[in-house]
Amino acid sequence: MKTGEWKSRFQKPWIIAGPCSAESEEQLLKTTKAVSALGVEVIRAGVWKPRTRPNSFEGIGLKALEWIQNIKKEVNVKFITEVASAQHVELALKHDLDMVWLGARTTVNPFTVQEIADALKGSYLPVLIKNPVNPDLALWMGAIERIANADLHEIGAIHRGFSSFRKSKYRNEPVWQIPIELKANFPHIPLICDPSHIGGNRDMIYDISQKALDMGYDGLMIETHPDPDNALSDSKQQITPERLDEIKGKLKIRQTTS
Ligand code: PEP
Ligand code: MN
């Protein structure tokens, strides 16, 4: 795999922040302005939301892509969203998304990953690949390889933890050994921690983030919302831009590996 040189373009820790879901143009603009003022250059915003059970908020879709285009005219930032089908990729490309991520429910399915890889081919878009929902290193590696085989070389991996039936303080157990092994296999791919989906609780964001940085992770993806308690998805784990600023100020890079 030729992936990798792009890792050096980002200052460590590379922080991606923004809401779990784009909910309104106002909410997205407010969050974007607040987090970009903290030096965050890449804004996450879920446009299509993979909800486990039906009848919850499933994302705004196309309209949110238009909000993103409008906001980019006003604020100098890049946007990343989740794509879960070839059709999502086409729409994301049409609306000038800067990066895309594959969600945990997509990484488990090699057919879907391959369709997305085929749809992305020739776009040279950066792609971040979340671990699969289940603790399976080979599936995570396979998804990265499928994207790399489509001549996409700006690839990153996002560790968002793994589902378990076991009771746990985590929403998704980190199983740190798996990302460590991924890093050993693919040392040139930036590894990003998603403390929001690992913890599932805003009080855990700082500790998980610091642990990831101590382990040599390259970046963090943190869900940020102007009014987390009233967020339409993942309200317990989102933090305000003010809290993100505090966390950013407290985080220390204690060790530099690779
Ligand atoms: C998200 O990032 O909001 C999301 C749904 O992620 P995951 O695929 O980790 O569940
Ligand atoms: Mn979320």
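A residue is called buried here if 20 or more other C-beta atoms lie within 10 Å of its own, exposed if 12 or fewer do, and partly exposed in between, with C-beta atoms placed from the backbone. By that rule, buried residues make up 45% of the 258 residues in the chain. The legends below describe a predicted model, in which local features need pLDDT of at least 70 and side-chain atom pairs count only at pLDDT 80 or more, while totals for chains, interfaces and linings use all residues. Residues are numbered from 1 along each chain as its sequence is written, and chains are lettered from A and ligands numbered from 1 in the order in which they are written.

**Figure 1. The whole chain, before we zoom in.** The chain has ten helices and eight strands; helices (H or I, at least four residues) and strands (E, at least two) are DSSP runs numbered from the N terminus. Its C-alpha atoms fill a box of roughly 40 × 40 × 40 Å along the principal axes. Of the contacts with a separation of 6 or more, 71% join residues 24 or more positions apart. Two residues are in contact if their C-beta atoms, placed from the backbone, lie within 7 Å.

**Figure 2. The surroundings of ligand 1.** Which residues surround ligand 1? They are Cys 20, Gly 46, Pro 50, Gly 103, Ala 104, Arg 105, Lys 130, Arg 160 and His 197. To be included, a residue must have its C-beta atom, placed from the backbone, within 6 Å of the ligand. This shell divides into three nonpolar, three polar and three charged residues. Here Ala, Val, Leu, Ile, Met, Phe, Trp, Tyr, Cys and Pro count as nonpolar, Asp, Glu, Lys and Arg as charged, and the others, Gly among them, as polar.

**Figure 3. Helix α5 and its buried face.** In α5 (residues 110-120), the buried residues are Val 113, Ile 116, Ala 117 and Leu 120. Seen down the helix axis, they fall within an arc of 100 degrees, so they line one face of α5; the arc is that of the directions from the helix axis to the C-beta atoms. Their packing partners are α3 (86-94), β4 (99-102), α4 (104-107), β5 (127-130) and α6 (137-149). After the helix comes Gly 122, with a positive phi near 90 degrees.

**Figure 4. Ile 129 in the largest nonpolar core.** This core has 62 residues, and those with the most contacts inside it are Val 127, Ile 129, Ile 144, Ile 147 and Ile 192. A nonpolar core is a set of buried Ala, Val, Leu, Ile, Met, Phe, Trp, Tyr and Cys residues joined through C-beta atoms within 7 Å. Leaving aside residues up to four places away in sequence, Ile 129 touches Leu 102, Thr 107, Ala 143, Ile 144, Ile 147, Ile 155, Ala 157 and Ile 158.

**Figure 5. Two buried residues in helices.** Ala 92 sits in α3 and is buried, with 26 other C-beta atoms within 10 Å. Beyond residues up to four places away in sequence, Ala 92 touches Thr 81, Val 83, Leu 97 and Val 100. Pro 241 belongs to α10 (residues 241-250) and counts as buried with 21 C-beta neighbours inside 10 Å. With the same exclusion of residues up to four places away, Pro 241 touches Thr 31, Ala 34, Val 35, Leu 38, Thr 224 and Pro 226.

**Figure 6. The segment before β1.** Glu 5 lies in the segment before β1 (14-18) and counts as exposed, with 10 C-beta neighbours inside 10 Å. The C-alpha atoms of Glu 5 and His 188 are separated by 7.3 Å, although the two are 183 residues apart along the chain. Pro 13 is also placed in the segment before β1, and the peptide bond from Lys 12 to Pro 13 is cis, with omega near -10 degrees.

**Figure 7. Positive phi in two loops.** Most residues other than glycine have a negative phi, and most peptide bonds are trans. Tyr 124, not a glycine, has a positive phi of about 55 degrees. It is found in the loop between α5 and β5 and is exposed, with 11 other C-beta atoms within 10 Å. Val 175, also not a glycine, has a positive phi of about 40 degrees. Val 175 is in the loop between β6 (155-159) and α7 (177-185) and is partly exposed, with 17 other C-beta atoms within 10 Å.
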